[in-house]
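User: I'm new to this one. Could you take a close look at the open sheet for me and then show me what sort of chain it sits in?

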Amino acid sequence: MNAENFNSYHHALKHIKQAFDPEILTSAKKRILDGIRQCDVSSLSEREQIAVSRGEAPDSLRLDSKNYDIWSNASNEVIQSLGDFLWIYYPPQFRNIEKEVQEVRWHQDAGFNKALGNKAHKQIMTCFIPLDEKPSERVTVQFSREIYSFLEHAPTSNGFAAGLKRDFMDLIHYDLELGDAVLFGDFVPHRTFAPEDTIWQRSSFEFRLIRKADALGQKDYFDLLEKKFVQLEAPSPLNH
């Protein structure tokens, strides 16, 4: 039994074609990369400088509520595949990988979630969205379809909060097109992967989704049914 036919959101793994509007994705990529190029890295906090060196966006771009515009016309298949994981937590993860030192090694997202301590959610799902015109020609994400419970993680030598020092079997990566997405559960092992003859560069979004019942107080989320930002106990200040 592997992750593609195992009935548990912890182990969900699904490639969804034409999940998002390619034009909206291209516009989002341009907005963020233009902002990164115009950013004075020396003026950033030490935390942000480290994040940018890992291929992430500075706070001014990462916290921009416009990043959620791509969900305005997400396909019905995406929404239906999420079950009751319909609150996206804020902010999303934007990655602009340009060199091998920025690779993310084997891990489960549950490992990163646990590293958040009292800010961790009970369970999360991730929606991976490539933003390049031809994602299949670029570095991507590789998954293991083997079924695991939570594995103990440790910080990695290249600066990430959680990683797994082991090998995995039953591996898969998807030939993605612009507009496609991959949904996966928080127990699915995955890593940065460069198929043969691909470019070591990728721009992508990763959105983490939770159940409303698992929401934390005084934290912002984007409600996919209401199409607006929400908090558990008060209105969100992110709505304009």
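Analyst: Let's start with a term: a residue counts as buried when its relative accessible area is under 20%. With that cut-off, 53% of the 240 residues of the protein chain are buried. Keep in mind that this is a predicted model.

Now to the sheet you asked about. It's an open one made of 3 strands, lined up as β6-β5-β8, and the pairing is antiparallel. β6 (171–172) and β8 (190–193) are the edge strands, each with a single partner strand, so one side of each has no neighbour in the sheet. In general, strands of a sheet pair through backbone hydrogen bonds, either parallel or antiparallel.

Let's zoom in on one of the pairings. Strand β5 covers residues 140–144, and it pairs with β6 in the antiparallel sense over 2 bridges.

Stepping back, the protein chain has 5 helices and 11 strands. Its radius of gyration is 17 Å, close to the 18 Å that the globule rule gives for 240 residues, so the chain is as compact as a globular protein of that length. Along its principal axes, the C-alpha trace spans about 45 × 40 × 35 Å.

The chain has 29 positive and 36 negative charges, and their mean positions are 3 Å apart.

Notes:
Residues numbered from 1 in each chain as written. Predicted model: local features only at pLDDT ≥ 70, side-chain atom pairs only at ≥ 80, totals over all residues. Heavy atoms only, no water. Pairing = 2+ DSSP bridges. Helix = DSSP H or I, 4+ residues; strand = E, 2+ residues; numbered from the N terminus. Rg over C-alpha atoms; globule rule 2.2 N^0.38 Å. Buried < 20%, exposed > 50% of the residue type's maximum accessible area, 1.4 Å probe, protein only. Lys, Arg positive; Asp, Glu negative; His and termini not counted. Charge placed at Lys NZ, Arg CZ, Asp CG, Glu CD.
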